[in-house]
Amino acid sequence: MRRLYVIDMKKQKKAFIIIPIALFVALFLFLESNYTPTVFSNQENPRALNTGSSQNASVALTFNISHGNEQVIPILDRLKSEGVRATFFVSGEWAERHPDILEKIAENEHEIGMLGYQYKSYVDQDIEEVRKDLQKAKETFSKLGYEDVYLLRAPNGHLNEEIINVAEKQGLKVIHWSVNPNDWKNPGTDKITNHILNNLNNGDIILLHASDTVKQTEQALEIVIPEIKKDKKLLTISELITLAETSQEELKSKKK
């Protein structure tokens, strides 16, 4: 006796849709479990660090200073009152003009990085000029008593692979950012705070400024810091790097 098999095309269509989705999900989970985030530079892929590890609920506050001495003190006072340590990137020229403020930054246990010597875009300079600027910056910080400065943020954030290679050959680690509220434009305290809080993820590096052009950053910090501290730690860049390195080593060991 012959049997008649009826194919339900609606169910068949669902199967055609579900199977590829299931395969895609399985592939994604496999890749995700075997993926080691590349947050550090290597010979094949020179790059600036712009985030730490997404596995850790931590972020870094960073401040650029290239001119002025009026806004940095209120910002330091705010950080102190909140019990937060940050990383300050300052130009060599500014450090020479304001050694007392640089000392106050260090005394408050904040981390110091450099913005080169002159605050002038590196991509607009010959690479030999960049090399000389970096060397002069290192010598300047050393003379001021800060021999261990190894973090570099390029002026204006302008970078390319050649610049990163030159910096790393001088023992410097190039740092960029992942969250930028453009506080130097003074767009309003609400816009600064909303941009940071609405775009913040684990491992993010927040770019802010402490030069005299910023007028709203300290007020924004009054709101931003307590909100961040609800579910994330605020670390220095070196601490963020250490966590990222630890996360990479843990992922590598899991693969073995």
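Helices (H or I, at least four residues) and strands (E, at least two) are DSSP runs, numbered from the N terminus. In these terms, Gly68 sits in the loop between β1 (58-65) and α2. All views below show a predicted model.

**View 1. Confidence along the protein chain.** The average pLDDT of the protein chain is 85. Of the residues, 78% score at least 70. Residues 1-39 stay under 50 in pLDDT. For this stretch the model has 19 contacts beyond four places in sequence. Where pLDDT is low, the predicted coordinates should not be read in detail.

**View 2. The loop around Gly68.** Gly68 belongs to the loop that lies between β1 and α2. Leaving aside neighbours within four places in sequence, Gly68 is in contact with Trp94, His98 and Asp212. Ala210 is 142 residues away from Gly68 in sequence. In space, the two are 8.5 Å apart, C-alpha to C-alpha.

**View 3. Helix α2 beside helix α4.** Two packed helices are described by the angle between their axes and the distance between the axes. The axes of α2 and α4 (residues 99-107) come within 11 Å. They cross at roughly 10°. With that angle under 35 degrees, α2 is roughly parallel to α4. Val72, Ile73 and Leu76 of α2 make the contact with Ile101, Lys104 and Ile105 of α4. By class, the contact of α2 with α4 has five nonpolar residues, one charged residue and no polar ones.

**View 4. Helix α2 beside helix α8.** Here the axes of α2 and α8 come within 10 Å and cross at roughly 20°. That makes α2 roughly parallel to α8. The crossing is right-handed. On the α2 side, Pro74, Ile75, Arg78, Leu79 and Glu82 take part. They meet Thr217, Glu218, Leu221, Glu222, Ile225, Pro226 and Lys229 of α8. By class, the contact of α2 with α8 has six nonpolar, one polar and five charged residues.

**View 5. The salt bridge of Arg78 and Glu222.** Side chains of opposite charge can pair when their charged atoms come close. In the model, the count of salt bridges comes to seven. Arg78 and Glu222 form a salt bridge, with their closest N and O atoms 3.7 Å apart. Arg78 lies in α2 (residues 72-82) and Glu222 in α8, so the pair ties together parts that are 144 residues apart in sequence.

**View 6. Helix α7 beside helix α8.** The axes of α7 (residues 189-198) and α8 (residues 217-229) come within 9 Å. Their crossing angle is roughly 25°. That makes α7 roughly parallel to α8. Handedness of the crossing: right-handed. From α7, the contact involves Thr189, Ile192, Thr193, Ile196 and Leu197. From α8, the partners are Gln219, Ala220, Ile223, Val224, Glu227 and Ile228. By class, the contact of α7 with α8 has seven nonpolar, three polar and one charged residues.

Terms used: Residues are numbered from 1 along each chain as its sequence is written. This is a predicted model: local features need pLDDT of at least 70, side-chain atom pairs count only at pLDDT 80 or more; totals for chains, interfaces and linings use all residues. Side-chain values use heavy atoms; hydrogens and water are left out. Axes are lines fitted to C-alpha atoms, for helices over the stretch in contact, and angles run from 0 to 180 degrees between N-to-C directions. Angles under 35 degrees count as roughly parallel, over 145 as roughly antiparallel, 65 to 115 as roughly perpendicular and the rest as oblique. A crossing is left-handed if the near helix is turned anticlockwise from the far one by less than a right angle, and right-handed if clockwise. Contact means heavy atoms within 4.5 Å. Ala, Val, Leu, Ile, Met, Phe, Trp, Tyr, Cys and Pro count as nonpolar, Asp, Glu, Lys and Arg as charged, and the others, Gly among them, as polar. pLDDT is the predictor's confidence in each residue, from 0 to 100. A salt bridge is a side-chain nitrogen of Lys or Arg within 4 Å of a carboxyl oxygen of Asp or Glu.
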